[in-house]
Amino acid sequence: MSNRNLAILGVAAVIMVALAVVASHLSGTAATSQPAGAGYLIQGLDPDQIASITIEGGGEQIILNKPGKNFVVANKDNYPAKIDEINKLVSICLDIRTARFFTDNLANFKDLGVTDEDAHVVVKFFKADSSLLTGVIIGNPKPRTQGIAYVRRAGDNKVYETTSQIPWINKRAIEYTDRQVVNIKREDINSITVSGPSAADENTPIVLKTSANEFYVLRFSDGGGTITLDNKPEGKKLKKDAVGEVLEAIESVSFDDVNAAVNAADSNNALRKNLRFDHRFDCRLNDSTVYTFRLAKDGDKWLARCTALFMDQSDVTMTKGVTESLEELKKKEAKLLARDAADEFAEKHKGWIYQIPAYQGKGMTKPLAELLEDQPKQAAEPNAAN
């Protein structure tokens with residue numbers, strides 16, 4: 001190989017090394033750099049420091065306070081908040097990721113929807129002394145993108161673009177309550193007693209009446225497969241669909257709204273309207289727990305008050321020196337748990353008035369006449385041949 005060729009190869013090698021160094025440098029820069037402002041919008045929030053939360057949007061404001069260990073919904077007379085919804089809200093705010101810094105010019109805030117007044121949602125977290133911990137202000141979506149929005153941190157003028165769509169944040173106070181009142185399995189029901197206005201006094205135990213349309217008892221056996229009616233009129237039978245509506249009303253009771261019974265300042269409070277909770281619905285379970293609902297009708301709304309009582313008040317004892325079977329011990333444990341559950345239910349719902357769905361109110365107050373239909377007449381026996 002000539003000296004000229006060696007010189008050419010040497011120059012080429014130098015060029016290749018130089019290109020490799022440049023390429024390596026550029027590659028390293030691309031791998032380690034990220035747009036200004038990329039990361040999590042909120043960093044370092046200690047959930048234990050949160051004493052209250054406000055959620056605003058669409059002209060509404062929700063206030064969640066934490067007077068003790070648990071949150072309450074101030075908008076609903078301090079009804080206990082659903083912890084899962086609180087955790088979900090905090091998680092959504094902490095998970096907001098920003099792609100890049102957009103602006104800090106206040107003149108642009110209104111157009112971007114990141115002012116307190118124009119934002120889609122504003123969530124703020126406060127300390128016990130009412131000072132602001134942090135918060136998120138979620139503005140308008142970025143045009144021609146898949147859910148990317150403009151956001152800024154409460155108390156900070158820097159506006160960012162998010163990396164993706166922010167999950168939906170509830171802006172209705174009722175959604176932060178546990179709307180499930182009771183959930184009962186049909187096979188656990190022993191009996192249902194329904195009594196109308198003249199048979200169910202507001203403040204005293206149920207009074208038995210003879211009027212067929214004011215009081216009746218349905219009894220269940222065979223895991224709910226067999227349903228009978230006490231004192232069923234001659235020639236009548238139960239309508240399966242109508243009885244199903246009574247059962248559907250109690251199997252999963254929920255509420256659409258809630259108010260404290262003692263909130264005299266609320267002009268919409270049911271007790272200030274002198275409504276009588278004079279319909280009564282008692283559901284007794286096989287373990288002797290009785291759930292009692294008192295119902296009143298306010299226009300097209302059904303209102304309910306509820307409690308529970310464990311009827312078996314006999315003591316649960318352990319006999320000294322006697323070894324009991326595992327089955328007996330489980331029975332005693334189940335009894336104690338059911339008794340505690342009834343006490344907790346009564347305490348939790350004491351003093352609250354619930355607005356329940358219309359189908360549940362109608363099912364719990366269904367008159368006996370709507371449960372009955374005529375028995376089909378038996379075909380006449382043919383005359384015997386002469």
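1. A salt bridge here is a side-chain nitrogen of Lys or Arg within 4 Å of a carboxyl oxygen of Asp or Glu. In this predicted model, the side chains of Asp-312 and Lys-335 meet in such a salt bridge, with 3.2 Å from N to O. Asp-312 lies in the loop between strand S20 (301-310) and helix H5 (326-349), while Lys-335 lies in helix H5, so the pair ties together parts that are 23 residues apart in sequence.

2. By the rule given in the opening point, the count comes to 21 salt bridges. One of them joins Lys-76 to Asp-257, whose closest N and O atoms are 2.8 Å apart. This pair links distant parts of the chain, since Lys-76 sits in the loop between strand S4 (72-73) and strand S5 (79-80) and Asp-257 in strand S17 (residues 257-260), 181 residues apart. Lys-76 has a relative accessibility of 16%, and because buried means under 20%, Lys-76 counts as buried.

3. Another salt bridge forms between the side chains of Lys-350 and Glu-347, at 3.4 Å from N to O, and here Lys-350 counts as exposed, at 56% relative accessibility. Elsewhere, salt bridges that share partners join Arg-172, Glu-175, Arg-179 and Asp-256 into one network.

4. Helix H4 (residues 240-251) deserves a separate comment. Its 12 residues, at 1.5 Å a residue, should span 16 Å, and the end C-alpha atoms are 16 Å apart, which agrees. The buried residues of H4 are Ala-242, Val-243, Val-246, Leu-247, Ala-249, Ile-250 and Glu-251.

5. Which residues touch the most other members of the largest nonpolar core? Of the 44 residues in this core, they are Ile-192, Ile-250, Phe-281 and Phe-293. The largest share of the core, 6 residues, comes from H4, the helix that also holds Ile-250 among its buried residues.

6. Leaving aside residues up to four places away in sequence, Ile-250 touches Val-182, Ile-184, Ile-189, Ile-192, Phe-281, Cys-283, Phe-293 and Met-364.

Definitions and conventions
Residues are numbered from 1 along each chain as its sequence is written. This is a predicted model: local features need pLDDT of at least 70, side-chain atom pairs count only at pLDDT 80 or more; totals for chains, interfaces and linings use all residues. Side-chain values use heavy atoms; hydrogens and water are left out. Helices (H or I, at least four residues) and strands (E, at least two) are DSSP runs, numbered from the N terminus. Buried means under 20% relative accessible area, exposed over 50%, partly exposed in between (1.4 Å probe, protein chains only). The expected span of a helix is 1.5 Å times one less than its number of residues. A nonpolar core is a set of buried Ala, Val, Leu, Ile, Met, Phe, Trp, Tyr and Cys residues joined through side-chain atoms within 4.5 Å. Contact means heavy atoms within 4.5 Å.
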